[in-house]
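Thanks for making time this morning. I would like to walk through two places in this model, so please keep the structure open as I talk.

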Amino acid sequence: MYLTYFNNSWTEGNTPLFGAMDHSVWLGSSVFDGARSLGGRMPDLRLHLQRVVQSAERVGLACPYTVEEMEQLVREGVAKFPADAELYIRPLVFGTDGLLIPEVEKSGFALTLFDAAMPPFTGFAACLSSLRRPDASMAPTDAKASALYANTTKALREAKTRGFDNAVVCDSLGQVAEFASANLFFVTPAGQVVTPAPNGTFLAGITRARVIALLAQEGIAVEERAVLPEELDSAVEIFNTGNYGKVTPCVRYEARTLPVGPIATLARARYMAFAAEQ
């Protein structure tokens, strides 16, 4: 089920938003964010709504709604679904008018909620991509910009052609940035939990930050630093964090089979306990 708030009303299905001449369709001026409702619990909702406002500003748009107004709409929409529904919450801000540069004051807005069951904690297979992430001198990497996802989908297509579910993507220096669709964590043979340090080539996600904080409460420090791709060849655990699956283990990396390890298991358990309290 899809439910979209657009032009002051809720509609079901894939609600039409754009015209052929709209800036967002023609020239890619749109940003979005993703939050979750899990049985009515919406962990870090306001942080996700704040980020869509910030993302819009960074690409020359302006979100027509405040965080408070969006939060009210989200709660109104969630109430239209069954109480136990697992939903994806997607605010979208997009350009309408303008030639090359969108007209800020004419930014459009839509909020879509749709059924999206949490993926099982069984894991995924990943490979090293031949693609690179752009850096901040090349693209709006400080925003959750729709235009950046052409890079993501190309990396995912390459991975699926090779028989994998996801891909590890490096930055322009050849250091690990993230998975194509989520942030990356791994555990070294010495037991250190590591994640790539934000360097302007990827968004350091809201779920990523929450997991780092939750692990810290368990006495587990996460080291943020530059990561070389060959380090993943000896990792004893690899997992991702992101809004869609929250914490998901990588159980095959290139030719190696990996366990669903204790750190990923703890991170997932602690996150779901945190979400249940919201």
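T207 sits in helix α5, residues 206-217, where helices are DSSP runs of H or I of at least four residues and strands are runs of E of at least two, numbered from the N terminus. This is a predicted model, in which local features need pLDDT of at least 70 and side-chain atom pairs count only at pLDDT 80 or more, while totals for chains, interfaces and linings use all residues. Residues are numbered from 1 along each chain as its sequence is written, and side-chain values use heavy atoms, with hydrogens and water left out.

With a relative accessible area of 3%, T207 is buried, a term that means under 20%, as against exposed at over 50% and partly exposed in between, using a 1.4 Å probe and protein chains only. Beyond its neighbours within four places in sequence, T207 is in contact with T241, G242, N243, K246 and Y271, contact meaning heavy atoms within 4.5 Å. Of these, N243 is 36 residues away from T207 in sequence, yet their C-alpha atoms are 6.3 Å apart.

Now to helix α4, residues 149-161, whose 13 residues should span 18 Å at 1.5 Å a residue, which agrees with the 18 Å between its end C-alpha atoms; the expected span is 1.5 Å times one less than the number of residues. Which residues of α4 are buried? They are N151, T152, A155, L156 and A159, and, seen down the axis of α4, they fall within an arc of 130°, so they line one face of the helix, the arc being that of the directions from the helix axis to the C-beta atoms. Their cover includes β7 (124-132) and β8 (166-170), whereas A150, R157, K160 and T161, on the other side of α4, are exposed.
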